[in-house]
Amino acid sequence: MFTRIAVVVLLTPLITQPAQPPAPHLSSFDRGNSLSMLKQIKEDLTKNYYDPAFHGMDVDKKVADAAERLKTAASAGEASAILADVLLQLDDSHTKFYPPERLTQVVYGWGVTMIGDAPYVTWVKKGSDAERKGLSRGDRLLAWNRFEPTRANLWQIHYVYRHVRPQQLQRVIVRKPDGAEKTIDVESEVRQRPAGDLEELIRRSEDSYRTETDFEKAIGGTFVVALSRFGDPKDVERFMKKARGYKNLVLDLRGNGGGLVVAIDMLLSWCFDHEVKIGVEKTRKGEHAEVTKGRKDPFTGTIVVLVDSNSASASEVTARVVQLEKRGTVLGDRTAGAVMTSMFFTHTLGHELGGVGSVAFYGTSITVGDLRMADGASLEKVGVVPDEIVLPTGADLAADRDPVLARAITMLGGTMTAEQAGKFYK
C-alpha cells in the first residue's frame, strides 16, 4: 500500500533550492493572475471532483490559506508551487494544476523508473549532458537533488520538475551496477517550446520517458504486441485479428500509461466470447457498471500480459481483468496504481510578455470517476500485483537484457534468452 506523504514538505524545498537562476520578482499583474487561477482551480475542483466530500479536506480553508501565501509569493515559480499544492493535498495522481506553459521547454535527457522498490535510470538521451557526464541506463538513483525517490513520491517529483519547477541543473547520486557511487550535476537542454494544444503538450511531456512506438512481431506460435498507449481502437482491432492466427499472445503493456476507454473496450472484447463486467465507476452522478461485450470470433489462445511500474490506468485495468477472469497470466512488476478517470480543463488569462499583453493557457486535471473492479476492490495506489514477479536488475538494464519478455516466451513453450529478448524490439 502506498504511504501518505506530506506534499508541502515535497514542494517547499523545490521552491527554495538553488537549482536554477533566481526567478524574476512577481509583479502585481502576475500576482493578480495567480489569484484568478486559484479561483478557477477551486471552481474546477468543486464542480467536477468525483468525491463531493473531497476525502474530508476543507477546500475553502485550503484555498484561503493559498490566497494568503500568494500575497507574499516572491516569484512566479513560488506562486505556481502554491497553486499546485492546493490540488496535491488530495494525494490524487490524476488531480493536478498545470501552470501557464513557458515559452521555453526544459529537456532533461534522462528518465527514471521504479523497479520493485528501487528507482533506476532506464534511458539516457544520446548526445545529452547526462550521457556526456556518465549517467547510464542501469544506474540506481540514490538521490535526486534533495529527495530520495520512492514509489510513493516519484510521481510527484516528476510532476513538479516537469511542470511546476523545471530545473536547469540537477544533482543526482547514483550507484553503478558494479557498486561504485557517483555524484553527477546534469545540465538540462533548454529549447523553444513546440506549438500545439496544451493538453497534448502535457501528455508528450508526461510520456517523454516512455516508448512511443508500437511493435508487432511473431516468434514461433506466439504473437507479441508492445502497445505504448491505448489510442485508436481500429489499431487494436487490427492486431487482435492478426493474433487469431497464433496459438499465444504476449501483450506488452510496460510503460503504457493508458489512453482511450474505447480502445481498452475493443481489446478486452477480443479476448472473450461472452460479456465481462470490468467494474463499477463512481461519479458525481452516481454509479454505473463498466461492461465489455464479447465476440463470436475472439482470440482464444493463451494470453500473457507484461506490466511494470509505469503501466497505468487502462493497462492496469486490462491486466486485472485478465487475472480476475483467469484469462491469462500477468508477468513483471507491480503497476502504477493510477486508475481513476479524469478530465482536463483548459483556461486562459491575460499575460505580460515583454511589456506587451498576450494570452496564456493553463489547466487542471480533475478526477471525475473512481473505478472499482469486478471484485469490488480499487487499484488506486495499490496497482496490480503480477501472478509472477520478474524484475530486471541494474546489470540487466545496462546490458540491454530483458528477462521479463524472455520469461514470457519460455513460459509459452518457446526459447529465448534475456539477451535475445533485449534485442527483440530493435
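**Figure 1. Contacts of Val330 in the predicted model.** Beyond its neighbours within four places in sequence, Val330 touches Val305, Val307, Ala319, Gln323, Pro386, Asp387 and Glu388. Val330 belongs to strand β15, which covers residues 328–332. The relative accessible area of Val330 is 0%, under the 20% limit, so the residue is buried.

**Figure 2. Val330 and Ile389.** These two residues are separated by 59 residues in sequence. In space, their C-alpha atoms lie 8.5 Å apart.

**Figure 3. Helices α2 and α4.** Helix α2 spans residues 28–48 and helix α4 spans residues 76–88. Their axes come within 10 Å and cross at roughly 15°. This angle is under 35 degrees, and therefore α2 and α4 are roughly parallel to each other. The crossing of the two helices is right-handed.

**Figure 4. Residues between α2 and α4.** From α2, the residues taking part are Ser34, Met37, Leu38, Ile41 and Leu45. They meet Ala79, Leu83, Val86 and Leu87 of α4. By type, eight residues of this contact are nonpolar, one is polar and none is charged.

**Figure 5. The chain as the setting for the close-ups.** The chain has 426 residues, and 53% of them count as buried. Its secondary structure consists of 13 helices and 18 strands. Among contacts with a separation of 6 or more, 71% are between residues 24 or more positions apart.

Methods
Residues numbered from 1 in each chain as written. Predicted model: local features only at pLDDT ≥ 70, side-chain atom pairs only at ≥ 80, totals over all residues. Heavy atoms only, no water. Helix = DSSP H or I, 4+ residues; strand = E, 2+ residues; numbered from the N terminus. Buried < 20%, exposed > 50% of the residue type's maximum accessible area, 1.4 Å probe, protein only. Contact = heavy atoms within 4.5 Å. Axes fitted to C-alpha atoms, helices over the stretch in contact; angles between N-to-C directions. Parallel < 35°, antiparallel > 145°, perpendicular 65-115°, else oblique. Left-handed = near helix turned anticlockwise from the far one by under 90°. Nonpolar A, V, L, I, M, F, W, Y, C, P; charged D, E, K, R; others polar.
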